[in-house]
Amino acid sequence: MFIAADKGDITTIIGGIAPDWGPFGSLGNEARVMIEVVMAVAILLCLGIAIWGAAKQRIGATALRDTFSAEQGKGLIIAGLTGVFIIGSLGTLFTIVYGMAV
């Protein structure tokens, strides 16, 4: 009767929980870099939208006394930061969903 598991090293444990790009694991390095570049550009775009919304909210609330512009800026901030969160989480979400399907 064995009480403990077979002998192994840390790479067995780390290799089991490290993401392996899930369904995109068979892609080449060039394709992975392209996906990473597209995701980085999308994150920068979303951050730009959030910054634009913050500026629009600040200008609309103080200088112009325009409540519509301030509310529009608030929506842009929320949309931009939500986009950053979703895009930043895509790798983890793909890995989790792919792992559950396997």
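Student: Where does Gly91 lie?
Tutor: Gly91 sits in helix α3, residues 67-101; a helix here is a DSSP run of H or I with at least four residues, numbered from the N terminus. Mind you, this is a predicted model, where local features need pLDDT of at least 70, side-chain atom pairs count only at pLDDT 80 or more, and totals for chains, interfaces and linings use all residues. Residues are numbered from 1 along each chain as its sequence is written, and side-chain values use heavy atoms, leaving out hydrogens and water.

Student: Why is Gly91 called partly exposed?
Tutor: Buried means under 20% relative accessible area, exposed means over 50%, and partly exposed is in between (1.4 Å probe, protein chains only). Gly91 has 39% relative accessibility, so it counts as partly exposed.

Student: How far apart are Gly91 and Glu36 in sequence and in space?
Tutor: They're 55 residues apart in sequence and 10.0 Å apart in space, C-alpha to C-alpha.

Student: And what makes Val41 count as exposed?
Tutor: Its relative accessibility is 52%, and the cut-off for exposed is over 50%. So Val41 counts as exposed. You'll find Val41 in helix α2, residues 29-63.

Student: How many helices and strands does the protein have?
Tutor: Three helices and zero strands, following the pattern α-α-α along the sequence.

Student: What share of the protein's residues counts as buried?
Tutor: Of its 102 residues, 14% count as buried.

How values were computed: Helices (H or I, at least four residues) and strands (E, at least two) are DSSP runs, numbered from the N terminus.
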